[in-house]
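I shall speak about aromatic rings and the nonpolar core. Please look at the display first.

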Amino acid sequence: MKYFWDIVETIDRNSCPGFEHFHWQHNLWLVIFLAFVFVFSLVYRKAGACNLCSETGHGVRPEGCRAPYCRKHIKVLFSLALIADAIFKFIIVAVNHISILNYMPLQLCYISVMLVIIHAFIKEESPANKYIGNFLYIVGLPAGLSALLFPAWKALPAFANAMSLHSFSSHIIFVTYIVMLLAVGEIRPELRTIWVSVAALILMSSGVYAFDVTFDMNYMYLLHLSAGSPLAPFEALGDYRIGYAIILAALILVMYIVPVIVKRISNNSKKQLTH
């Protein structure tokens with residue numbers, strides 16, 4: 001526990017080697033992540049679909065509801081866990097006397113965390129619910145998975161370190177939130193929401209880039225790559241940031257357009273069989 005309160009800026013990298021990508025410690029975290037997603041997706045699917053806090057009042061079950069717990073309460077529980085995790089992070093930063101500028105919530109993952117917290121309290125029929133849900137699907141989900149597969153905090157011990165525990169747990173919680181809502185259809189990918197998600201991402205990136213240049217930071221990795229980044233192969237194109245546009249286009253194709261094409265082909269096949 002010698003390095004428990006250390007962070008990337010204070011860790012002695014000569015005496016503490018951290019962990020390697022896909023080494024047993026990293027792989028164990030990935031197994032924990034998969035188990036967490038599987039369990040909570042099942043729990044959420046079995047939960048009552050009614051919103052106990054909407055029509056009947058907080059904590060009052062609508063007549064006929066026999067579910068042991070409510071999906072609304074699970075979403076709020078996830079949001080509270082993320083808030084607690086964020087407070088824990090700022091305590092770690094304060095203990096190390098590091099400037100808060102180094103730990104602003106300006107990475108895509110932390111922006112997604114904030115959107116999950118907001119999304120948990122929005123009514124399902126609200127337009128904001130649909131657009132935030134689709135942003136989490138096309139941006140938050142890939143960003144979270146990428147961070148878990150290629151963690152930028154690998155200089156820290158994988159388990160016996162507070163910031164490492166925060167980093168893994170916060171990503172696991174918010175990615176699980178997105179997956180469990182996708183599993184029951186509460187987040188429904190819609191082609192017509194893509195332009196909103198892309199426009200929001202461009203606006204966010206522009207603001208974060210201005211912040212990075214002004215304060216010499218590297219949020220969203222817009223000024224330089226992190227070690228082991230999956231964007232490294234795009235440096236051959238002259239600027240690795242071109243990779244962001246290519247990856248986004250590929251995500252739109254795979255996550256939106258391909259499923260629509262497959263669904264239409266499937267529907268046409270069914271019609272032909274009925275005739």
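Which residues do ring pairs link into a cluster? The cluster consists of F19, W29, W153, F159 and F168. Before I continue, please note that this is a predicted model, in which local features need pLDDT of at least 70 and side-chain atom pairs count only at pLDDT 80 or more, while totals for chains, interfaces and linings use all residues. Residues are numbered from 1 along each chain as its sequence is written, and side-chain values use heavy atoms, with hydrogens and water left out.

A word on the ring criterion. Rings of Phe, Tyr and Trp (its six-membered ring) pair if their centres lie within 6.5 Å; planes under 30 degrees apart are stacked, over 60 edge-to-face, and the rest tilted. By this rule there are 14 aromatic pairs. One of them joins W5 and F88 in an edge-to-face arrangement, with 6.3 Å between centres and 65° between planes. These two residues are 83 apart: W5 belongs to the segment before α1 (24-46), and F88 to helix α2 (residues 71-95). Helices here are DSSP runs of H or I with at least four residues, numbered from the N terminus. W5 is partly exposed at 39% relative accessibility, and F88 is also partly exposed, at 27%; the term covers values between buried, under 20% relative accessible area, and exposed, over 50% (1.4 Å probe, protein chains only).

Next, F78 and Y177 form a tilted pair, 6.3 Å centre to centre with 55° between the planes. Because F78 lies in helix α2 and Y177 in helix α5 (residues 162-183), this pair ties together parts 99 residues apart in sequence. F78 is buried at 5%, and Y177 is buried at 0%.

Y177 leads us to the core. A nonpolar core is a set of buried Ala, Val, Leu, Ile, Met, Phe, Trp, Tyr and Cys residues joined through side-chain atoms within 4.5 Å. The largest one has 65 residues, of which L82, I138, L148, M163, F174, Y177 and M180 touch the most other members. Helix α5 supplies its largest share, eleven residues. Leaving aside residues up to four places away in sequence, F174 has contacts (heavy atoms within 4.5 Å) with L82, C109, S112, V113, V116, G140 and G144.
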